[in-house]
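I open this notebook to record, entry by entry, what I looked up in one structure.

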Amino acid sequence: MNTDIGLSARLERISTDGRYLIVPMDHGITLGPVTGLVDIESTIDGITRGGADAVLTHKGTAPRVHPNKNGKGYIVHVNGSTVIGPDENDKRLTGTVEDALRVGADAVSFHINVGSNYEPDQMTQLADLCSRAADFGVPVLAMSYARGPGIDEQDPEALAHAVRLAEEVGADVVKTAYSGDPDSFGRVVEATRLPVVIAGGSRGTDRETVEMVRGTMDAGAAGVSMGRSIFQHENPEAITRAVSAVIHDDADVDTALERAGLGIEA
């Protein structure tokens with residue numbers, strides 16, 4: 001069986017012309033039923049109408065995803081932790097490739113904290129996941145962060161190491177933190193052949209969000225995997241439309257905000 005065909009087909013389902021606008025909503029395990037996730041159905045409907053290529057959740061919410069994703073891609077996340085547990089960096093397995101396929105996923109994702117005390121186990125688990133996913137032609141999105149004692153989580157050298165690790169163990173797309181500016185993030189992008197997407201982090205203003213996306217694309221990245229900045233927005237569809245304008249139409253910041261009806265913030 002030619003799994004390369006399946007891999008290519010599934011990558012196309014979670015992207016557009018090699019660009020990625022993924023909205024992760026796996027935060028229900030980490031943070032609980034926060035704003036934007038209680039009525040996850042309407043949030044998913046809005047962001048996929050706004051231009052998201054794919055949404056990402058844990059396997060248990062799959063029945064709430066499929067009727068509302070408007071034909072867009074679906075990624076199942078397979079590890080997690082909580083903010084009320086002993087250590088949020090200690091991500092534990094919550095699913096398998098087979099679980100993801102059973103609930104209709106196009107890809108799987110896995111979070112690794114490079115530099116943490118849990119890096120050895122997480123690296124082994126990610127490598128095993130990549131091997132198993134390859135058996136089925138299923139893409140792996142590695143959420144590879146530089147996090148641990150004494151580590152600057154925005155240091156471009158540490159981030160470059162994190163994204164290269166993802167490539168070395170067999171991932172297909174890698175997500176990491178933004179280093180803060182296009183020049184330094186360009187060094188992160190150059191560290192791997194994989195498509196690099198950035199995390200959104202905690203929500204800023206609309207302009208700050210779109211400026212970060214613009215800087216990311218200027219650095220040569222392939223897009224974003226942006227959660228709270230989108231799903232906790234008072235108008236998730238509009239902010240998704242602005243981010244999509246930058247990623248998919250190469251719009252500048254002002255044009256993206258205007259196109260989404262968000263105005264031009266000072």
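Before the packing entries I note the term they need: contact means heavy atoms within 4.5 Å. I also note that this is a predicted model, so every entry below describes that prediction.

**Entry: the core.** I looked up the largest nonpolar core, which has 87 residues, and found that Met 25, Leu 126 and Phe 185 touch the most other members. Helix H7, residues 156-169, gives the most to this core, with 8 residues. For background I wrote down that, in soluble globular proteins, nonpolar side chains tend to be buried together.

**Entry: Met 25.** Which residues does Met 25 touch, not counting residues up to four places away in sequence? I listed Leu 37, Ile 40, Thr 43, Ile 44, Ile 47, Val 55, Leu 56, Thr 57 and Phe 231.

**Entry: helix H7.** I checked the length of H7 and found that, at 1.5 Å a residue, its 14 residues should span 20 Å, which agrees with end C-alpha atoms 20 Å apart. The buried residues are Pro 156, Ala 158, Leu 159, Ala 160, Ala 162, Val 163, Leu 165, Ala 166, Glu 167 and Val 169. Against which elements do the buried residues of H7 pack? I found strand E6 (107-114), helix H6 (119-136), strand E7 (140-146), strand E8 (173-176) and helix H8 (182-189). After H7 comes Gly 170, with a positive phi near 110 degrees.

Entry: Leu 31 lies in the loop between helix H2 (27-30) and helix H3 (40-49).

**Entry: positive phi.** I looked up Asp 17, which is not a glycine although its phi is positive, at about 55 degrees. Asp 17 sits in the loop between helix H1 (3-13) and strand E1 (20-24), and with a relative accessible area of 78% it is exposed. Asp 250 is likewise not a glycine and has a positive phi, of about 60 degrees. I placed Asp 250 in the loop between helix H11 (236-249) and helix H12 (253-259), and at 54% relative accessibility it counts as exposed.

Conventions
Residues numbered from 1 in each chain as written. Predicted model: local features only at pLDDT ≥ 70, side-chain atom pairs only at ≥ 80, totals over all residues. Heavy atoms only, no water. Core = buried A, V, L, I, M, F, W, Y, C linked by side-chain atoms within 4.5 Å. Buried < 20%, exposed > 50% of the residue type's maximum accessible area, 1.4 Å probe, protein only. Helix = DSSP H or I, 4+ residues; strand = E, 2+ residues; numbered from the N terminus. Expected span 1.5 Å × (residues − 1).
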